[in-house]
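Hello,

Here is the structure we talked about. Please open it first, then read the notes below.

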Amino acid sequence: MSDNPFSLWVYLSQSPLLWLTVTLLTYAVTDAVSLKTRRHPLANPVLHSLWIIGAFLLLTGTSYTTYFAGAQFVHFLLGPATVALAVPLYENRRRVAAAVLPMLVALAVGSLTAIVSVVLLARAFGLPREIILSLAPKSVTAGVAMGISESLHADPSLTAVAVILTGIMGAIIVTPLMNFTGITDFRGRGFAAGIAAHGIGTARAFQVDEVAGVFAGIAMSLNALVTSLLVPLAVTYLLR
Amino acid sequence: MIASLSLILLCQLVGEVAVRALAVPVPGPVVGLVLLLLLLLARDRFPALARGPLGNDGVESTSRGMLANLSLLFIPAGVGVVQKLDLLAEHGIAILVILAVSVIVTLLATVATFVAASSMFAREEDNP
């Protein structure tokens, strides 16, 4: 036994084991609550895991770098999970093939709306130029968005925060908003979630309906391509 | 399960290598997704491929397991918000309002376009 309980904490807080455990345990609890509330939008497991883990880090004075050394094993799986989207895509290939044209039109409109709306709103609020540039790619998946932000000489870590906030808000709002409009086409509902709220929207779509999840996954992948081309163009025209 | 995970990682690895070798602005995992999809489609044509991870629901069940917990994978990056609390304190309300309005407008514009376009193309197919 350690003679000093503090030295045990020093050891644990520096080892990946503790932070990996904290991440999985917090998610297990928040996901169980989300299931219990029959996937209520406000019981979003990402939202609640973030503030619980964030508060724990602030209270224990742990740096994000130390936390990430443990949590990176979970973060790494984002890549393989993207590859895994091929399976539901394959299983629903006939529905997807039948909707190629509407998807392409909705991709063009959605991607452009996501970028133009955020740039115009941020300008109307009088935010500094660097912040506007950092917010512009917020609707695509974090890795790609940070790359775009870097190429614009903006702040990639602010972009990452904007991406996560956008994803969480999209995931919370999509179901009530779509129910309000009365649209019951789960292909379109999922596709919109993937365009507006990338992977977190896609995760939400899979909770609601498998077809919605498949279309969200396609939307997220296509939007990553289109947004990397559109953002530099859009900011040149809108921020002269 | 290990064989299925290896196949998924292999697809991603080939994707990352291809993207870097050809210097195209596409994320490597997206190329991996296309590769796995092509493998699954090829299996329909050549039944000899239906073995190992591609046989007996192998890669399918591993992928479904991963996607069922997709939310978990965003938590490590999301916790990075703690590094930006000072900036959020300064411009937080404006940023939250802007992102919320933008996400609502984008959701509505995308779903409306999708529904309108799919009924338009469906009508064209009915009366060519």
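Chain A comes in two parts under the domain assignment: domain 1 covers 1–76 and domain 2 covers 78–240. Please keep in mind that this is a predicted model. The C-alpha centres of these two domains of chain A are 27 Å apart. Where they touch, domain 1 of chain A gives eight residues and domain 2 of chain A gives ten residues. On the domain 1 side, α3 (45–60) and α4 (64–76) of chain A each contribute at least two residues. That side of domain 1 has five nonpolar, two polar and one charged residues.

Next, a helix pair in chain A. Look at α8 (residues 100–124) and α13 (residues 210–238) of chain A. Their axes come within 9 Å and cross at roughly 45°. An angle under 35 degrees would count as roughly parallel, and 65 to 115 as roughly perpendicular. α8(A) and α13(A) are therefore oblique to each other. The crossing of α8(A) and α13(A) is right-handed.

If you want to find this contact on screen, here are the residues:

- From α8(A): A:Met103, A:Leu107, A:Ser111, A:Leu112, A:Ile115, A:Val116, A:Val119 and A:Leu120.
- From α13(A): A:Ile218, A:Ala219, A:Leu222, A:Asn223, A:Val226, A:Thr227, A:Leu230, A:Val231, A:Ala234, A:Val235 and A:Leu238.

By class, the contact between α8(A) and α13(A) has 16 nonpolar and three polar residues. It has no charged residues. A:Ser111 belongs to the α8(A) part of the contact. A:Asn223 and A:Thr227 belong to the α13(A) part.

Now chain B. The domain assignment gives domain 1 of chain B as 1–68 and domain 2 of chain B as 77–128. Their centres, taken over C-alpha atoms, are separated by 29 Å.

Last, the contact between the chains. How many residues of chain B are in contact with chain A? There are 59, and they meet 86 residues of chain A. On the chain B side, the elements that give two or more residues are α1 (2–22), α2 (28–45), α3 (58–68), α4 (75–78) and α5 (85–126) of chain B. Which of them gives the largest share? That is α5(B), with 23 residues. By class, the side of chain B that touches chain A has 43 nonpolar, 13 polar and three charged residues.

For a quick look, start with α5(B), which supplies the largest share of the chain B side. Then turn to the crossing of α8(A) and α13(A).

Best wishes

How values were computed
Residues numbered from 1 in each chain as written. Chains lettered and ligands numbered in written order. Predicted model: local features only at pLDDT ≥ 70, side-chain atom pairs only at ≥ 80, totals over all residues. Domains from an automatic or database assignment. Contact = placed C-beta atoms within 7 Å. Helix = DSSP H or I, 4+ residues; strand = E, 2+ residues; numbered from the N terminus. Nonpolar A, V, L, I, M, F, W, Y, C, P; charged D, E, K, R; others polar. Axes fitted to C-alpha atoms, helices over the stretch in contact; angles between N-to-C directions. Parallel < 35°, antiparallel > 145°, perpendicular 65-115°, else oblique. Left-handed = near helix turned anticlockwise from the far one by under 90°.
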